[in-house]
Amino acid sequence: MTDASDRTDAVQGIEGVLLANRERIVRFLEVRGAGNMAEDLFQDLWMRLTERGMGPVAEPLAYAMRAANNLMLDRYRSARQSALRDAAWSDASIAEGPSAETTLISREQLALVEQAIAAAGERPARIFRRFRVDGIQQREIAAEIGVSLSTVEADLRKVYAAIARTRRQFDV
């Protein structure tokens, strides 16, 4: 086999493991402290494991569970660092506003992100806004729109990919 087909087989294999054990992994994340953020973490786990170029894994379920645990640790550390950083900021730095140039650049970037979200399609954009802006859980969105949970997840992945492409433009 070629290296490209090996990578494709590995991604399909990890996707199959994630799909077959979705409820188990989400429960694991809930028990580890994710609470109602377990669905979000599962989406992040999916993106991390399926986007990365990897070879065959001897124990794919154990690998996925370990990756989920590491994701939880990353989230915990990030939240803790954010809290420490926020506490360390002085009132003087909060009082200062962004420069006019920073404000203009931010507005332009926001417009590009909004265009990317809209370009993903009407339903994916609506699902993304209901989930990320309104804070509605994926299951509720699926019931509200009348689609399956996997459709909601697929639409969210589509929007996340569009946003990621746009963010890469900012780095260039």
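Start with helix α3, which is mostly covered: twelve of its 14 residues are buried (under 20% relative accessible area; exposed is over 50%, partly exposed in between; 1.4 Å probe, protein chains only). Helices here are DSSP runs of H or I with at least four residues, numbered from the N terminus. A quick word on ground rules: this is a predicted model, where local features need pLDDT of at least 70 and side-chain atom pairs count only at pLDDT 80 or more, while totals for chains, interfaces and linings use all residues. Residues are numbered from 1 along each chain as its sequence is written, and side-chain values use heavy atoms, with hydrogens and water left out.

Among the buried ones are Phe 42, Trp 46 and Met 47.

Next, show Glu 39 and Arg 22, whose side chains meet in a salt bridge at 2.5 Å, N to O (a side-chain nitrogen of Lys or Arg within 4 Å of a carboxyl oxygen of Asp or Glu). The pair ties α3 to helix α2 (residues 22-34), 17 residues apart, and both Glu 39 and Arg 22 are buried.

Slide along to Asp 44, which pairs with Arg 75 at 1.9 Å, N to O, in another salt bridge. Arg 75 belongs to helix α4 (residues 60-88), 31 residues away. Asp 44 is buried at 19% relative accessible area, whereas Arg 75, at 35%, counts as partly exposed.

Conventions: Helix = DSSP H or I, 4+ residues; strand = E, 2+ residues; numbered from the N terminus.
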